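Student: Hi, I have a new model open and would like to talk it through. Shall we start with the overall arrangement and then go into the details?

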2 protein chains.
Amino acid sequence: MDEKEIYKNCTRYLNYHPKKTIKEELNELVEYVDEKIHPDNYGDGELVNNFEKQMAELLGKEAAVFMPSGTMAQQIALRIWCEKANNLTVAMHSDSHLNFAEHYSYLYLHNIKPVLMSMPDYTSKRMLTPKDFENLKVKPGAILLELPQRTLGGQLPSWEDLEKISKWAKENQVPLHLDGARLWESKPFYQKEYADICSLFDTVYISFYKGLGGITGSILAGQKDIIDESRVWQRRLGGNLKSIYPYVLSAKFSVEQRLDKFQQYHDKAVEIASRISKIEGITVTPNPPHSNMFLIHFKSDIEGIKKQNLEIAKEHKFLLVNGFNKALLQGFTWSEVNIGDNALDLDIEEIEKHFKFLMSNN
Amino acid sequence: MDEKEIYKNCTRYLNYHPKKTIKEELNELVEYVDEKIHPDNYGDGELVNNFEKQMAELLGKEAAVFMPSGTMAQQIALRIWCEKANNLTVAMHSDSHLNFAEHYSYLYLHNIKPVLMSMPDYTSKRMLTPKDFENLKVKPGAILLELPQRTLGGQLPSWEDLEKISKWAKENQVPLHLDGARLWESKPFYQKEYADICSLFDTVYISFYKGLGGITGSILAGQKDIIDESRVWQRRLGGNLKSIYPYVLSAKFSVEQRLDKFQQYHDKAVEIASRISKIEGITVTPNPPHSNMFLIHFKSDIEGIKKQNLEIAKEHKFLLVNGFNKALLQGFTWSEVNIGDNALDLDIEEIEKHFKFLMSNN
């Protein structure tokens with residue numbers, strides 16, 4: 001068996017939710033859907049309208065619109081805010097998803113430029129703080145904050161810091177937009193309602209696949225006039241689809257299935273992090289994890305550790321680590337861990353055993 | 001019963017395909033899908049890759065990419081062509097879908113400006129001709145042609161005119177893009193293979209809902225380097241979704257179900273047009289229809305004819321006309337007819353009878 005085959009044959013996984021076939025996923029939706037409902041017409045229909053209302057309420061905002069993707073939702077919010085401010089600049093972390101995963105769409109499509117957050121420690125490897133905003137020499141048209149920040153292992157600012165940043169934005173009349181791709185994952189850390197977290201922001205984007213495991217899709221929520229205008233931009237961008245019900249249905253189903261489970265995902269992440277961070281050569285960031293995810297730094301080169309990971313997959317049909325990356329720090333390798341349904345029933349002793357084996361060749 | 005109820009209770013329709021519930025639509029896909037196939041990962045997967053290849057072949061192009069919408073696909077093609085030409089202008093009909101239905105996205109998102117086609121008769125109510133291009137005083141970065149043109153009742157240029165426009169574009173080194181939202185509907189008129197029609201164009205967009213009746217979705221096809229670059233733009237626009245399989249599956253299913261039926265739709269449209277155009281006060285444009293659609297001008301005000309249409313719906317549970325619009329010509333009202341599965345088995349005598357009744361109050 002080659003590497004691909006071995007991984008494909010695994011039956012247990014540390015990360016994410018169980019994978020399904022297309023037939024299984026669609027069948028769930030067929031079972032779930034009210035049999036009288038008809039497809040929406042360009043986003044207009046009972047299913048979509050009601051779900052948008054439901055999400056607006058959950059997030060404590062006046063209105064919400066369902067969009068095919070967060071990439072679309074976020075650039076729309078930024079474009080509207082920047083045009084209102086007559087200031088086409090956005091302050092955001094240099095490791096923002098908009099940069100490394102979206103090809104700078106805000107720049108290529110909207111002529112919006114990023115504001116350099118001139119951190120005194122010139123590093124993109126920490127969270128933005130209230131101080132970073134106070135130090136700004138130029139006033140941005142909008143601010144984008146990602147909660148939790150994926151590139152930093154799902155770190156979250158303290159509630160006090162978040163309030164301070166929000167206060168700075170209000171005092172300086174700069175709209176604050178939330179990249180809440182993993183907002184659901186933030187609740188266990190803040191122990192607050194979603195609406196309370198979102199009340200610090202002017203507009204909010206949330207995602208239905210990542211943690212929730214839906215097929216795809218997002219919501220942009222905020223005051224009514226902004227959401228109304230965002231629908232025009234959604235059409236311009238080609239996101240006002242003839243019918244979007246497959247994604248809305250899946251989003252609604254996923255919310256019902258998993259929204260209550262993020263505390264469990266978090267608790268399991270904390271348990272795993274606590275246990276494996278005691279193993280020689282393993283460092284967890286952040287420890288304890290703020291959300292359901294964290295980074296692991298292995299004191300090992302990539303090749304050695306990859307071999308061990310493959311061995312575990314072969315012996316135990318257990319996929320421990322999904323991918324390895326070279327760390328900046330010489331001799332180290334890093335990986336991302338994302339806890340979902342797959343890990344909930346895994347025995348902590350077994351997880352620890354496999355991580356020990358992973359490091360046993362060093 | 002109020003108006004809405006009466007129309008809702010209709011069981012027969014002149015236009016389009018039968019409407020289904022969400023459950024029915026998804027169930028068809030569950031029955032259709034190969035049970036081993038897994039969801040695509042950001043458009044990468046067996047189902048999507050194979051369908052893209054299949055469509056590229058059908059259209060006679062090197063490569064193809066599936067996009068959520070034509071609005072997205074077309075602006076991407078235009079952006080790439082215009083940037084290559086270092087000329088951010090596009091020549092198109094002033095009644096292009098990009099204007100009346102897409103909020104000028106090419107201008108708002110790409111800073112592409114339309115080239116005024118200075119027709120000597122200053123009217124947007126006829127097709128563009130080779131002469132219109134020969135008369136251009138400025139060289140556009142790209143040309144967009146819509147086949148057939150919906151706002152003109154699905155008119156098509158003659159094959160000779162189409163060849164001449166294509167030749168002009170080649171000689172002047174201006175890329176020619178096809179808005180083929182209804183390309184399938186053009187085949188009966190030209191009696192040529194899709195690949196032959198598309199060979200006159202550099203890039204081609206096709207749609208899977210309109211005539212084919214899929215849920216949503218489109219294909220952009222062309223030479224490989226253009227399609228590769230278009231995938232970057234798709235990501236920027238927020239159209240590279242986590243999984244797009246519901247739309248691809250539905251598109252593939254619709255192609256199998258309906259691609260062979262466009263000759264029948266066309267023939268039925270011609271039959272209906274021929275019959276009803278003989279009724280006093282009814283004019284059909286174009287007559288005979290070029291595709292499966294045409295416009296009807298009624299010599300009547302809107303209110304009177306609406307009442308008759310409602311009466312037919314009430315008496316016969318037959319929805320004859322979907323909507324009425326005020327014509328420029330005083331005292332006239334116009335409607336669009338789109339022939340799909342619903343009309344195929346309808347008796348021509350009954351259709352004629354209802355149209356006669358529609359006009360009987362004038």
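Student: By what turn and shift can chain A be laid on chain B?

Tutor: This is a predicted model, in which local features need pLDDT of at least 70 and side-chain atom pairs count only at pLDDT 80 or more, while totals for chains, interfaces and linings use all residues. Residues are numbered from 1 along each chain as its sequence is written, chains are lettered from A and ligands numbered from 1 in the order in which they are written, and side-chain values use heavy atoms, with hydrogens and water left out. As for the turn, it is 180 degrees, with a shift of 0.0 Å along the axis and an RMSD of 0.0 Å. That is the relation of a two-fold axis. The copies are superposed by least squares on the C-alpha atoms of residues with pLDDT of at least 70 in both.

Student: Which C-alpha in chain A is nearest the axis?

Tutor: That of A:Leu109, which is 2.4 Å from the axis.

Student: And through what surface do the copies meet?

Tutor: They meet through the same surface, because 100% of the interface residues of chain A are also interface residues in chain B.

Student: What does B:Gln75 touch?

Tutor: Leaving out residues up to four places away in sequence, B:Gln75 touches A:Arg236, A:Leu237 and A:Gly238 from chain A, and B:Ser105, B:Leu109, B:His110 and B:Leu237 from chain B. Contact here means heavy atoms within 4.5 Å. B:Gln75 is placed in helix α4 (residues 70-85) of chain B; helices (H or I, at least four residues) and strands (E, at least two) are DSSP runs, numbered from the N terminus.

Student: Is B:Gln75 buried or exposed?

Tutor: B:Gln75 is buried, with a relative accessible area of 1%. The cut-offs are under 20% for buried and over 50% for exposed, with partly exposed in between (1.4 Å probe, protein chains only).

Student: Which side chain makes a polar contact with that of B:Gln75?

Tutor: The side chain of B:His110, at 2.7 Å. A polar contact is a pair of N or O atoms within 3.5 Å; within protein, one must be able to donate a hydrogen and the other to accept it, and residues adjacent in sequence count only if both atoms are side-chain atoms.

Student: Where does B:Arg236 lie?

Tutor: B:Arg236 lies over the face of A:Tyr108, 3.5 Å from the ring centre. In chain A, the charged end of A:Arg236 sits over the ring of A:Trp233, at 4.4 Å from its centre. The test is NZ of Lys or CZ of Arg within 6 Å of the ring centre and within 35 degrees of the ring normal.

Student: Switching topic, how many aromatic pairs are there over all chains?

Tutor: The whole structure has 29. One of them is edge-to-face, because the rings of A:Tyr104 and A:Tyr106 have their centres 6.5 Å apart and their planes at 70 degrees. Rings of Phe, Tyr and Trp (its six-membered ring) pair if their centres lie within 6.5 Å; planes under 30 degrees apart count as stacked, over 60 as edge-to-face and the rest as tilted.

Student: What about the backbone, what is phi of A:Tyr104?

Tutor: Near 55 degrees, a positive value in a residue other than glycine. A:Tyr104 lies in the loop between α5 (97-100) and α6 (105-110) of chain A, and A:Tyr104 is partly exposed at 40% relative accessible area.

Student: Which residues does a cis peptide bond join?

Tutor: One joins A:Leu147 and A:Pro148, with omega about -20 degrees. Another joins A:Asn287 and A:Pro288, with omega about 0 degrees.
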